[in-house]
Amino acid sequence: MEKKIFDITQLGLAAIDQAQTLDQLTEVRNQYLAKKSELMSIFGLLKDLSVEEKKSIGLRINEARDQLTRALDTKKEWLEKQALQAKFAEEQLDITLPGRALELKTAHPFFLIQEEISDIFVAMGYQIAEGPEVESDHYNFELLNIPKDHPARDMQDSLYMDDVTLLRTHTSPVQARVMEAAKGQPVQVICPGKVYRRDEDDATHSHQFGQIEGLVIGEGVNLGHLKDTLLVFAKKLFGEKREIRLRPSFFPFTEPSVEIDVSCFVCSGKGCSMCKQTGWIEILGGGMVHPRVLTMNGYNDKTMTGFAFGIGIERVAMLRYGIDDIRKFYQNNLRFLKQFQGR
Ligand code: PHE
């Protein structure tokens with residue numbers, strides 16, 4: 001019997017040694033250690049033996065079972081480790097592979113300037129307001145003192161959706177909307193956005209372009225405030241040495257109206273091709289809000305006054321960056337756009 005136990009143990013150990021997978025190992029475990037296995041069934045034979053023999057054979061069986069169990073556990077651990085390593089190997093990432101380079105994108109010069117201008121005014125306490133690009137005749141013209149049949153409409157001949165709806169021709173309708181919402185209270189806003197006019201496109205004209213409107217209303221606001229505000233703006237944008245000058249002009253919604261020039265930043269006023277030998281470059285229009293516009297939009301024109309101005313975004317960007325053709329802003333030519341890496 002002892003021989004038999006020894007043989008079974010040797011066979012069992014060999015089988016454990018040969019097991020290649022966890023499944024095979026489980027089979028071996030069942031075959032050698034289950035209740036009905038050859039080894040365990042020897043317990044059934046003990047009853048016919050003497051007390052001495054029972055003791056020693058029983059001991060042998062237990063030893064054999066322990067030996068096999070230990071071998072099984074060790075092998076199991078090893079097989080599990082192998083399986084894990086195989087899995088790792090299979091899922092291995094090659095972290096030395098060079099990644100796909102993400103190209104650093106640049107901001108469009110239009111938005112660079114829009115942001116720079118906005119920042120200058122926000123620093124002076126202005127809030128930013130926006131309005132719809134598809135606008136009604138009411139806001140785009142009527143509330144700005146441009147009634148039907150007014151010749152000023154011709155200058156902004158536009159793209160109409162129907163008789164009373166059009167693509168806004170300027171950012172001034174946002175003025176009207178802001179005033180209406182303010183219900184007679186002071187305001188200080190800028191309104192950046194796209195505007196549209198039926199126009200022949202050439203180097204300096206486009207049927208779509210950007211404006212930044214400014215509007216300040218309060219008690220005692222006067223033309224001096226407008227001039228000083230725009231002087232600060234011109235110096236921030238074109239350099240500390242810049243001066244500005246105001247020339248009389250006409251807009252239906254401002255009275256008096258002015259055209260604002262900045263001293264040439266190329267020749268400092270001596271005269272060059274940039275300023276067409278005049279020493280001055282026209283940058284924007286503005287004026288004191290017309291009393292009729294104030295009253296139409298809910299203000300008491302006896303106590304409240306205001307100024308407004310309109311800046312052409314591309315025009316400023318062209319001056320600032322030396323861009324010679326407005327159409328370059330819209331052609332998405334990467335060789336052009338990549339030159340603007342920031343401010
Ligand atoms: N809305 C005018 C234009 O588009 C510009 C402007 C704005 C002038 C505000 C005066 C005051 O031409």
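Okay, let's start with a pair: Glu-38 and Lys-4 join their side chains in a salt bridge, 4.0 Å from N to O (that is, a side-chain nitrogen of Lys or Arg within 4 Å of a carboxyl oxygen of Asp or Glu). Glu-38 sits in helix α3 (residues 38–45) and Lys-4 in helix α1 (residues 2–18), so this pair links distant parts of the chain, 34 residues apart. Helices here are DSSP runs of H or I, at least four residues, and strands are runs of E, at least two, numbered from the N terminus.

Quick caveat: this is a predicted model, where local features need pLDDT of at least 70 and side-chain atom pairs count only at pLDDT 80 or more, while totals for chains, interfaces and linings use all residues. Residues are numbered from 1 along each chain as its sequence is written, and side-chain values use heavy atoms, leaving out hydrogens and water.

Next pair: Arg-247 bridges to Glu-282 at 3.8 Å between the closest N and O atoms. Arg-247 is in strand β7 (residues 244–251) and Glu-282 in strand β9 (residues 280–289), so parts 35 residues apart in sequence get tied together. Across the whole structure, the search finds 19 salt bridges.

Now, cysteines. How many disulfides does the structure hold? It holds 0, a disulfide being a pair of cysteine sulfur atoms within 2.5 Å. For Cys-264, the nearest cysteine sulfur is that of Cys-267, 3.6 Å away. Cys-272 has its closest cysteine sulfur in Cys-267 as well, at 3.7 Å, too far for a bond. Cys-264 is buried at 0% relative accessible area (buried is under 20%, exposed over 50%, partly exposed in between, with a 1.4 Å probe and protein chains only), and Cys-272 is buried at 14%.
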